[in-house]
Every structure is written in C-alpha cells, then in structure tokens.
Amino acid sequence: MSRFGTIARRTFLLGTAAIAGGVAFGYYQYARTLPNPLPQGEGQNPITPYVLIDQDGVTIITPRAEMGQGVYTTLAALVAEELDVTWEDIRVAHGPPDQAYYNGGLMSHGLPINDYERSGFQEMMIEAMTVVPKMAALQVTGGSTSMLDAYEKMRLAGASARETLKQAAADRLGLSRADLRTEAGAVIPPDGTPIPYADLAEAAARIDPITRGIELRSQDNWRYLGQSMPRTDVVAKSTGTATFGADIRLPGMKHATLRMSPRLGGEMRHFDASAAEAMPGVERIIDLGTGIAVVASNTWLAMQAAEAVEIEWAPAPYPESSSEMMEIIRAALDNSPNSTLRNDGDADEAPDAADIVLEAEYTVPWLAHSTMEPMNAVALYTGDALELWCGTQAPVLAEQKAAEAVGLDAAQATCHVTFLGGGFGRRGETDFAVLAARIAAEMPGTPVKTIWSRDEDMRHDFYRPAAAARMRGVIRQGFAHTLDGRVAAPSVTRQSLNRVAGFTPPGPDKGHVEGMFNQPYGIPNYRVQGHLADLAVPIGFWRSVGNSFNGFFMESFIDEMAHAAGRDPLAFRLDLARGEHAPTAGVLEAVADMANWSGETPVGIGRGVAMTYSFHTPVAIAMEVSDRNGTISMDRAWIACDVGTALDPAIIEQQMVSGLIYGLSAAVMGEISFAGGEVEQFNFPDYDALRIHQVPETEVRILETQPHLGGVGEPSTPPSMPALANAIYDLTGERVRDLPLNRRFDFIL
C-alpha cells in the first residue's frame with residue numbers, strides 16, 4: 001500500500017474519533033504548526049509559507065491549482081489584504097507540494113448531514129474533519145473549497161507576515177511594534193520614513209512568525225476583498241506567455257505519447273511495433289502492460305508511430321454496451337439501499353383519496369471531463385530522483401504515486417505545478433503523472449514530455465457515472481406532501497478513494513445522493529435512498545459530482561409535481577423553501593425578480609426554473625428558450641446565488657456562468673457511450689460543447705445573507721440542466737426524463 005494509503009487509513013480513524021469528540025491519539029501531530037517549506041537563501045526570504053520576499057518584491061504563494069477559475073487572484077487578495085501591499089506590485093506562484101498547504105475544507109462536504117442549517121454540533125463536526133486533509137497532506141484543489149479553506153488561514157498568514165516585518169523594523173529602530181504601522185509594502189515608523197519590506201525581509205525571515213494577538217481587518221475596512229480585482233493570470237494568458245504543462249521545454253527533451261487499451265482496464269495480449277520502429281525519429285516503443293508508449297523526436301511523429309503499432313486487446317471487465325450497463329444500474333434500484341440520509345416523516349404513508357400521486361424514472365449518461373488541454377506531463381528520472389512538470393489538482397499525490405511507480409520514495413520526487421488547461425476534477429487523478437514517470441524511467445537522465453492525443457484523452461477518462469432515479473411524490477391540496485427518491489449509480493467516492501488510498505470507506509455514501517437528500521425544502525414526508533451499482537468503468541470527480549445528476553433528477557421531479565398540482569413552478573418551490581431555509585427562498589425570489597417571472601409565457605417561448613443547494617451555496621437558475629422554426633434556441637438565463645461573503649464579485653459571476661455553460665453543454669449534447677466495451681466518442685466532434693452563439697445571454701445576482709462562506713466553482717452546474725429541461729417542457733409540453741436533450745430536440749447550431 002502507498003504511503004498515502006497508510007496515512008489515509010490512520011487519518012480516517014482519527015477523523016472519526018474527532019467527530020465523536022474523542023480525539024486523543026495523534027492530536028499533537030494534528031495540532032502542531034507545520035514547517036515552512038519555502039527555501040531560504042539566495043536573496044529569498046520566506047516570512048510565512050504564503051509570503052516570500054526578495055529584492056524584487058513580494059511573492060504570494062497560492063497553493064491551489066489555477067485552471068481558469070481565478071483562484072490565484074482571490075487567494076492572493078486574502079494575503080494582500082492583511083499584508084498591506086500594493087496590488088500591482090505582487091507576484092503569484094503556486095509553491096511546492098507540501099503538507100503545509102493542505103486543504104482543510106476538502107472534507108467539509110463529506111459528512112452525511114444536511115448542512116444548510118448548521119447546529120453547533122454540526123459546526124464542530126465540520127471543523128473536526130480538517131484532521132483528515134492535514135494529516136494526509138491533501139494539497140488538493142477541488143470541491144469548491146479553496147476559499148472555504150483559505151478565508152481565515154491566508155488572511156492570518158498575511159497578517160502574521162505583516163506583524164513579523166514590523167517586529168524586524170522595531171528591533172532595528174529600538175521601538176515597540178505597536179509604534180509602527182504598514183502601508184504599500186513598507187513599515188512606517190513614527191517619523192514617517194518608510195522602510196520597504198525588501199529591506200526588512202532577511203531579518204524578518206530569522207524571526208519566528210508572530211501568530212498571537214493578531215487582529216484581522218474588519219470587512220468595512222477591506223480594500224481588495226469584496227472588490228472585483230484585476231486577475232493575476234490574465235496578462236500571461238492573453239499574451240501567450242503563460243506556462244501550461246504542454247508548454248514545458250527542457251534541454252535534450254524527448255517526446256512521447258500513449259496508446260492504451262480502449263477496453264478500459266483491459267489487458268494487452270500482443271503487439272507488433274515493427275512498422276513504428278522503422279519510422280525515422282522513433283526511439284523507443286515501451287510496453288506498459290495495458291498499452292504502449294512511443295518515444296520520438298517530436299510529438300506528432302510519436303502519435304503517428306503509436307497508430308502504426310498493431311495491438312490485440314483483451315476484453316473489457318464490464319458489459320460491452322451502454323444499454324447493458326444502464327440495465328445493471330436500474331436493477332440496483334431494487335436492491336437494499338446503501339444509504340437513507342433523509343427520512344423525514346413517513347414516506348410510506350398511504351395517500352388520501354384526493355391526493356395526487358406521481359411517479360417517474362430518470363436516467364443520465366456517462367460524461368467526460370473534456371478538458372481543452374489533453375493530459376500531459378514532463379518527467380525526468382535520474383535513478384535516485386524524479387522530477388515532474390504538470391498541471392495537477394493534487395501535486396502531493398502526483399509525487400507520491402509517480403515515485404511509487406518507479407520504485408522511489410515520495411521524498412525523492414518533486415512536482416512543479418503549471419497552469420491547468422481545464423481540470424473539472426480530471427486533473428485530481430494521477431494517471432498522467434504516473435505514466436509519464438514510467439516512460440521517463442525507461443530513459444534515465446533524459447527529460448520526456450508525454451502528451452496524450454485527444455482520442456486517448458477522451459477515451460481514457462475517469463467518467464462521471466451514468467445514473468438512474470426512481471421518484472414518487474404525493475401532492476396534497478396543491479402542496480408537496482411526500483417525496484420519495486431512489487438513486488442508483490456506481491460510487492465515485494468509493495472507487496476514487498480505493499484507487500488513491502487503497503481502501504473503501506465504510507458507511508453511507510453521501511456523495512452518491514448529494515443534491516437530493518440535502519435540499520432545503522420543507523416537505524413533510526421526505527426520504528432519499530442511495531443504491532450502489534457495481535461496474536468496473538473508471539469513474540471520478542466531475543464538476544459538481546453527485547449533484548450533477550441528482551440536481552437533474554430532483555428539480556425535474558419537483559417541476560413535475562408543481563405542474564401536476566396546477567401550480568406555478570417557481571411559486572411551488574418558494575412554498576417549500578420559505579420557513580426551511582431563508583437563503584434558498586432568497587435566490588428563488590431573486591431570479592423571479594430578475595426574469596420578471598409571471599408564471600405565464602407567450603406561444604413560442606418557454607421558461608423553466610431550478611434550484612440546487614450544493615457546496616454550501618444555494619443557486620437558482622431561470623432559463624428562457626424559444627422555438628426558431630422547429631429548433632430550440634437558449635436565449636436567456638438568470639442566476640442567483642447566495643455565497644455568504646462575496647470575496648470577488650467578478651470571479652463569482654464568471655464561475656456561475658462557467659458552471660451554467662458546462663452544465664448546459666452536458667444537458668444538450670453530453671454523452672459517453674460504449675459499444676464492444678469501447679468508448680465511442682473520440683474527439684470534440686463526437687463530444688461537443690456549446691459554442692459562443694449558442695450560449696444564452698446571462699445575468700447573475702450575488703446575495704450575501706448566509707452566515708457561512710459558500711463555494712462558487714461548481715454549484716451552478718446542477719440546476720442548469722433541469723432549468724433547461726423544464727423550460728423545454730414549458731415550450732413544447734414534452735417532459736424529458738433522460739439526457740442528453742439532443743436525442744429528442746434540435747438545437748440552434
């Protein structure tokens with residue numbers, strides 16, 4: 001078992017003990033201050049793990065992956081707000097993989113609780129879950145948790161650096177730290193003569209960082225936070241100077257690509273590489289067990305040679321077709337449930353004669369991440385060390401897994417994190433780093449860049465699982481009286497954790513039913529059960545994870561209940577939210593106001609609404625579609641979200657629109673299908689996304705009424721799909737219970 005697997009087992013037990021209120025064993029290790037991983041010397045002076053100062057100025061370490069979501073900007077603003085530096089003068093860097101940069105918010109979604117109205121005990125449990133990522137060194141970007149983790153941590157880091165620099169100045173001047181203030185990257189003594197931070201940095205780096213007695217700025221005094229800041233990655237990305245994994249160039253570098261079994265997880269029985277080996281510039285054909293790698297003088301040649309290799313593949317370890325797999329998933333609905341995380345009232349109560357009983361079954365397909373930059377990594381193996389360059393959402397894991405694959409300890413590996421050309425959860429996996437390391441190990445001393453072809457990338461993903469739901473509702477006197485939902489799908493949590501850590505967590509799988517069991521609706525009889533389906537198709541975390549399919553199931557069925565009751569769908573939802581969760585009612589009221597919602601639409605126009613609470617954030621979306629000579633146009637969308645505290649309104653708006661477009665692309669055309677055990681989609685023509693002219697005109701409203709911080713990277717994706725389907729129902733009168741929608745309707749191309 002890997003080092004991470006051993007740590008994960010221990011920390012899972014420690015986390016369980018913490019939740020039970022009995023942390024004892026290992027508490028010292030959990031509570032201790034972690035050492036600063038930034039090197040000191042050659043003019044570099046790390047003041048805290050997040051602040052590095054040299055003669056050129058201040059570098060803020062933002063140890064979460066920048067994949068277009070703006071995390072480098074807001075994380076930097078958290079530090080800069082307290083550090084008292086001028087925004088234009090700062091630099092931003094990812095920093096090294098290290099335990100000091102663990103994501104303490106990563107497990108906040110893992111507790112099987114409804115967290116939209118948190119009790120003190122629930123707050124304690126959420127806090128206790130920081131044990132796991134700290135002990136396991138989970139430096140991971142995901143789960144819309146970057147700000148949740150960093151909001152206090154990085155402000156404190158900036159304040160600590162500020163006070164430490166003031167102490168260095170106080171020691172130099174023979175004054176008290178209380179006599180000094182800071183402004184624009186300098187300490188200001190009583191005589192008003194500024195001392196630049198760069199002049200104090202060497203002395204400050206020798207002082208133990210000051211962490212006690214620090215007061216953070218009140219929100220009323222914020223200068224950067226709460227504002228739409230200039231993004232720190234825009235200039236580099238706009239000028240083509242940003243470095244992504246595919247941009248890495250090293251002296252003497254060779255180029256490689258892969259050809260892996262199209263029957264995922266299947267073996268390679270035999271291959272004949274003679275034709276490829278005869279191609280000038282091809283240097284090596286490497287047997288990887290489940291496929292081959294070609295090393296050549298350039299990437300295009302490597303890809304051409306890989307296609308020239310004749311390979312016989314073994315069968316897939318799962319049913320050969322999508323339809324066979326869906327039958328297995330549907331059949332799981334009749335098995336004993338893995339979870340019943342919501343069971344309010346009595347869902348088995350017999351309906352009255354006047355009640356309306358509604359039943360429906362829904363399905364959604366497998367989905368790919370389809371990142372714009374295909375998987376890639378550069379690796380250099382020297383026998384006793386491994387160096388990696390790649391865009392990864394989990395750099396510590398990438399180091400550990402890649403090192404393990406070539407027979408090294410994690411301490412012998414170093415990962416340099418680049419910009420990510422899309423992530424969505426895909427780059428939280430480590431396969432692309434591991435395979436690059438294995439290829440480099442065959443050529444010691446030579447850096448090798450491994451780039452997957454688009455075909456290999458699309459056909460060797462860790463997919464969003466296909467899923468099915470069976471819903472039953474009872475409407476009494478125009479109101480939702482009962483909602484009984486069953487969800488079936490393979491478990492992302494179990495497969496992913498088993499892949500990474502080597503064990504499967506016991507107990508109910510919250511991620512499997514999130515987006516359905518934990519919705520802030522006051523339904524008297526409300527039960528949700530999860531049924532796990534066992535399929536060997538590789539699956540992983542896809543933007544919004546279980547919420548992505550449960551949001552569609554739940555909000556489509558709520559819409560069906562509203563129409564069956566003869567009610568306006570938005571007013572129907574408001575009745576469920578009012579009295580249960582004020583922020584949820586607030587976002588519904590906001591989209592009603594933004595869209596001038598009347599509950600009536602003219603002929604040729606359709607409107608739909610949906611709301612999903614996910615990642616601690618309620619998001620409501622209203623969609624407007626129209627009939628354009630038999631094709632559907634997505635014309636307008638209104639999004640309202642309640643994030644508690646809006647740290648950067650422009651980035652929040654960008655993420656809400658991004659999540660909408662990602663979800664609408666999946667709803668309209670997203671489908672990974674299987675035939676003969678192989679994925680049928682090879683490239684973007686087979687697995688497309690919305691183009692600019694298809695995207696609805698979108699308006700976003702940000703609310704701040706929640707008492708806690710909410711995530712923004714994923715929560716607009718789940719309600720986007722049902723909002724569109726509900727709008728199409730309003731337009732056409734046809735209720736769609738399976739995605740993608742282009743199976744039934746034509747859309748503007």
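How many nonpolar, polar and charged residues are in the lining of the largest cavity? Keep that question in mind while you find the place in the viewer; the model you have open is a predicted one.

**Stop 1: the largest cavity**

Select His109, Asp115, Lys510, Glu514, Asn518, Asn547, Tyr613, Ser614, Phe615 and His616, and show their side chains. These residues line the largest cavity, which has a volume of about 80 Å³. Now colour your selection by class: the lining has 2 nonpolar, 5 polar and 3 charged residues. A search of the whole structure finds 3 cavities of 30 Å³ or more, and the tour visits another of them next.

**Stop 2: the second largest cavity**

For the second largest cavity, with a volume of about 60 Å³, select Pro465, Pro490, Ser491, Val492, Thr493, Asp509, Gly511, His512, Val545, Gly546 and Phe549.

**Stop 3: helix 6 and helix 7**

Next, select residues 146-173 for helix 6 and residues 197-205 for helix 7. Their axes come within 9 Å and cross at roughly 90°, so helix 6 and helix 7 are roughly perpendicular to each other. To see who makes the contact, show Arg162, Thr164, Leu165, Ala168, Ala169 and Arg172 on helix 6, then Tyr197, Asp199, Leu200, Ala201, Ala203 and Ala204 on helix 7. By class, this contact has 8 nonpolar, 1 polar and 3 charged residues.

**Stop 4: Ile47**

Ile47 sits in strand 1 (residues 45-48). Is Ile47 buried or exposed? Ile47 has a relative accessible area of 2%, so it counts as buried.

Thr164 belongs to the helix 6 side of the contact at the previous stop, and Ala201 and Ala204 to the helix 7 side.

Finally, pick the C-alpha atoms of Ile47 and Lys254 and draw a distance between them: the two are 39 Å apart in space. Along the sequence, Ile47 and Lys254 are 207 residues apart.

How values were computed. Residues are numbered from 1 along each chain as its sequence is written. This is a predicted model: local features need pLDDT of at least 70, side-chain atom pairs count only at pLDDT 80 or more; totals for chains, interfaces and linings use all residues. Side-chain values use heavy atoms; hydrogens and water are left out. Axes are lines fitted to C-alpha atoms, for helices over the stretch in contact, and angles run from 0 to 180 degrees between N-to-C directions. Helices (H or I, at least four residues) and strands (E, at least two) are DSSP runs, numbered from the N terminus. Angles under 35 degrees count as roughly parallel, over 145 as roughly antiparallel, 65 to 115 as roughly perpendicular and the rest as oblique. Contact means heavy atoms within 4.5 Å. Ala, Val, Leu, Ile, Met, Phe, Trp, Tyr, Cys and Pro count as nonpolar, Asp, Glu, Lys and Arg as charged, and the others, Gly among them, as polar. On a 1 Å grid over the protein atoms alone, a cavity is a set of points where a 1.4 Å probe fits but cannot get out, and a pocket is an open set with protein on both sides within 12 Å along at least five of seven lines; lining residues have an atom within 4 Å of a point. Grid points are joined across faces, edges and corners, and a volume is the space filled by probe spheres set on the points. Buried means under 20% relative accessible area, exposed over 50%, partly exposed in between (1.4 Å probe, protein chains only).
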